[in-house]
Amino acid sequence: MKKVFLSAVFVLSVFSHMATAQKQKQASPEVKVTIDLNNVKNDKVMVTVTPSGFNSNDVVFHIPKTVPGTYSADNYGKLIDDLKAFDKNGKELETSKTDENSWKISNSKSLAKVTYWVNDTFDSESGKGFGKEDIFSPAGTNILEGKNFMVNNHGFIGYFDNKTEIKYDVKVLHPAGLFGATSLIDADKSDTVDEFVVNRYFDLTDNPIMYSKPDYKTFTVDGMEILFSVYSPTGVHSAEELLPDLEKTMRAQKAFMGSINANKRYTVLLYLSDMNKNDAKGFGALEHHTSTTVVFPEAMPKDALGEQLKDVVSHEFFHTITPLSIHSKEIQFFDYNNPKMSEHLWMYEGVTEYFANLFQINQGLIDADEFYQRMVGKINNASSMNDTMSFTEMSANVLVEPYKDQYLNVYEKGALIGMCIDIIIREKSNGERGILDLMKKLSKEYGVDKPFNDNELFAKITQLTYPEVGEFLNTYVAGKTPIPYDVYFAKMGVTKTKVQIPGNPFLKDQSTPYITVNPKTKEIVIIPGGELSDFMKGLGLKGGDTILAINDKAYNLDNIYEMIMESQNWKADDPISVKIRRDGAEQTLTGKVKLSFTEEEGYKFTDTSKEKLNNAWLKG
């Protein structure tokens, strides 16, 4: 999972405010399920579950409390209304709710079916206290009659006690004009019924489906077919438009990963939220073995959306290594209603996040200085967290306080842990191997269907690498000692220094703009009487000027976000023209870009004696 807090989106909102178990293949018995998307009532849909027989007098039916990859108690049972149980003659059986997510059904030997109505989550998200009260949008559900259904199956389909390791046969009844994008194989070729058969309940929760008007593209990378499906409420974005960014990223990832990923199918489901209505507000993505769900605001311009897709989808795609191929028994035999968490979030989320950055320098998508600065950002973010808390202890207890509040550190210190292990292996092997080699070995040792014991992983990693890696894990991951990052950077010839960071021409910082918007005309105005950026001073702009166009491209409130994002790519001394209105008259100012720079702490490669090691680390 990756949660994204879009600072630039928040800037946009400022302007808007100014303006306005091990796999068991069994042939039978089966649990049969029908989801009816044709008959939506009060923004709810009906689900019917038909189980195989029971030997006990009572049985408990559950909707998940927690699902893999979310690390939070979301209680999907709160989405369920009017649950009823019936025998084969249609007589209603007695049911009683035992907790927020569970129902006890009496006389279960005669149970023929269970029916209930499902609410969705997208139109009830508050956007306040996100991560504590709201279900993370990519793990949530949407019911928008005739237009879009985000079917994260854990929000629609429940399970009976002791019946998670048997086949599920799911039929989805849907409007003919909607296409169900998923990595599951549809066994029914009609336009209005999809049928999916899986070997166990986990395979359902692991395969989301998004129904919407067909807007998808497919491409193949090294034998893997990738399906990219987009839902854009107003049609401002399309799969065709966004495909080049996604395809470039995934081809680079496959080149970086090599043989470690053997998937034959992979699906990216992109849901774009209409921020003007009750809609999804939790931006980011949730990983699965053969797919990922992504949620972003539709208001993002194409270039910015492409950049976010690159970072977020790459993170989720690397999850196909861990925890999807390398994981503990807590994940393999996941308990949806009484979850036991693994100690190794440093690997599941941290190494994944590290790979999502490392592959970009490895494949030439960013340069070394950008990579170092990304790591500096993670060091700074990690320093604001509890740096003396055992990471394994935090991971195992991440659902409860005080550990829960430290969860976001899995993306910060977790990635830095991965970096340090990579550096140790590179140094000890004279650059021949790194952490990707370790993950390949662990994948061969375990794999999708063979989990490890939590308390045995460090010993296995040490066996596959070096004693120094084991010492690092015990001291800095299981232990409470803060990591001396300078020591590890120095092994690769990288030392701490001051670096120049360019500022944005239109923002003093993320909460202080140099510009505002005229609420009546939507025009962009330099704040009268306010401070000017070096860019504005250099070009002769003044407070009160209305910015009409830059380099012949018109801008106003509708694409102000795009203007800000594009300005971040400007280079000093680039030629530029700005069309403005001043005192009622239009004019065009021309000149060269002048940028403001701030001096911040960073890292640079300085020790040329380590050049071979450094190249092996970043480019090997």
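**Close-up views of a predicted model**

**View 1. Asn42 in a loop between two strands.** With a relative accessibility of 69%, Asn42 counts as exposed, because the cut-off for that class is over 50%. The model shown here and in the other views is predicted. Asn42 sits in the loop that runs between β2 (30-41) and β3 (44-50), and although Asn42 is not a glycine, its phi is positive, at about 55°. Most residues other than glycine have a negative phi.

**View 2. Lys522, a second residue with a positive phi.** Lys522, which is likewise not a glycine, has a positive phi of about 70°. The loop that holds Lys522 lies between β25 (515-517) and β26 (524-526). With a relative accessible area of 36%, Lys522 is partly exposed.

**View 3. An open sheet of seven strands.** The strands of this open sheet follow one another in the order β6-β5-β9-β3-β2-β13-β15, and their pairing is mixed. The edges are formed by β6 (92-93) and β15 (193-198), each of which pairs on one side only.

View 4. The peptide bond from Thr322 to Pro323 is cis, with omega near 10°, and Pro323 is placed in the loop between α4 (302-318) and α5 (329-332). A cis peptide bond also joins Glu401 and Pro402, where omega is about 0°; Pro402 belongs to the loop between α8 and α9. Most peptide bonds are trans.

**View 5. The largest cavity and its lining.** The largest cavity has a volume of about 50 Å³, and its lining consists of Asn386, Met389, Ser390, Phe391, Met394, Gln406, Asn409 and Lys413. By residue class, this lining divides into three nonpolar, four polar and one charged; Lys413 is the charged member, because Lys is counted in that class. The helices α8 (391-396) and α9 (409-428) each supply at least two residues of the lining, and the loop between α8 and α9 is also the one that holds Pro402.

Conventions. Residues are numbered from 1 along each chain as its sequence is written. This is a predicted model: local features need pLDDT of at least 70, side-chain atom pairs count only at pLDDT 80 or more; totals for chains, interfaces and linings use all residues. Side-chain values use heavy atoms; hydrogens and water are left out. On a 1 Å grid over the protein atoms alone, a cavity is a set of points where a 1.4 Å probe fits but cannot get out, and a pocket is an open set with protein on both sides within 12 Å along at least five of seven lines; lining residues have an atom within 4 Å of a point. Grid points are joined across faces, edges and corners, and a volume is the space filled by probe spheres set on the points. Helices (H or I, at least four residues) and strands (E, at least two) are DSSP runs, numbered from the N terminus. Buried means under 20% relative accessible area, exposed over 50%, partly exposed in between (1.4 Å probe, protein chains only). Two strands pair if DSSP finds at least two bridges between them.
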